[in-house]
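Subject: Structure for your review

Dear colleague,

Please find below the sequence and structure that I am handing over to you. My findings on the cavity and the ligand follow.

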Amino acid sequence: MNIVVVNGPNLNLLGERNPDIYGNETLEELMVWLEKTPSGSGHSFKFFQSNHEGEIIDFIHDERHWCEGMIINPAALTHYSYALRDAISSINIPTVEVHLSDILSREEFRQISVIKQVCIAQVSGMGKNSYLEGLKILLKNY
Ligand code: DQA
């Protein structure tokens with residue numbers, strides 16, 4: 001399966017950003033780990049991170065013919081980006097929304113996802129295992 005893993009704003013700072021909430025590992029460590037898990041083996045991955053909404057949307061458009069499944073941690077864009085939501089719903093690729101932290105038990109603004117309805121599942125609060133769970137859901141639905 002061809003899988004893209006997209007990470008939104010500020011996730012490039014994982015490892016130093018609020019480690020009490022997001023852990024000590026860098027984004028790169030996390031993505032390498034995901035690809036090397038037994039679930040990841042035999043599949044092709046492309047990883048992308050950007051702090052810019054438009055760049056994320058362009059990446060999703062560009063990969064729409066290659067990719068067969070998407071794991072996305074939209075970070076703060078989760079809570080307000082209708083443009084990202086439209087991009088996901090425009091490409092018709094099964095997508096799982098993932099979060100490291102449990103967004104439902106944090107500030108009120110984080111409890112709202114405008115992305116959720118255009119995804120096949122939302123996984124949150126499992127740290128890096130949220131990405132692994134997202135991968136398993138994609139594989140199960142393939
Ligand atoms: C996050 C949760 C978001 O609310 C936040 O803006 C992030 C990270 C998470 O992975 O827990 O940047 O998506």
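A cavity here is a set of points, on a 1 Å grid over the protein atoms alone, where a 1.4 Å probe fits but cannot get out. Please note that the model is predicted.

With that definition, a search of the whole structure finds one cavity of 30 Å³ or more. The volume of the largest cavity is about 120 Å³. Its lining comprises 13 residues, and those closest to the centre are Tyr22, Asn73, Ala75, His99 and Arg106. Sorted by class, the lining contains six nonpolar, four polar and three charged residues.

What takes up this space? The largest cavity is the space taken by the ligand.

The residues that surround the ligand are Arg17, Tyr22, Asn73, Ala75, Ala76, His79, His99, Leu100, Ser101, Ile103 and Arg110. This shell divides into five nonpolar, four polar and two charged residues.

- Asparagine 73 places a polar side-chain atom 2.8 Å from a ligand oxygen atom.
- For histidine 79, a polar side-chain atom lies 2.7 Å from an oxygen atom of the ligand.
- At leucine 100, a polar backbone atom is 2.8 Å from an oxygen atom of the ligand.

As to burial, the ligand taken alone exposes 320 Å², of which the protein buries 99%.

Yours sincerely

Methods: Residues numbered from 1 in each chain as written. Predicted model: local features only at pLDDT ≥ 70, side-chain atom pairs only at ≥ 80, totals over all residues. Heavy atoms only, no water. 1 Å grid on protein atoms, 1.4 Å probe; cavity = no way out; pocket = protein on both sides within 12 Å on 5 of 7 lines; lining within 4 Å. Points joined across faces, edges and corners; volume = space filled by probe spheres on them. Nonpolar A, V, L, I, M, F, W, Y, C, P; charged D, E, K, R; others polar. Near = heavy atom within 4 Å. Polar contact = N/O pair within 3.5 Å; in protein donor to acceptor, adjacent residues only side chain to side chain. Areas by Shrake-Rupley, 256 points an atom, 1.4 Å probe, with all protein chains shown as cover. Sits in = over half its atoms within 2 Å of the grid points.
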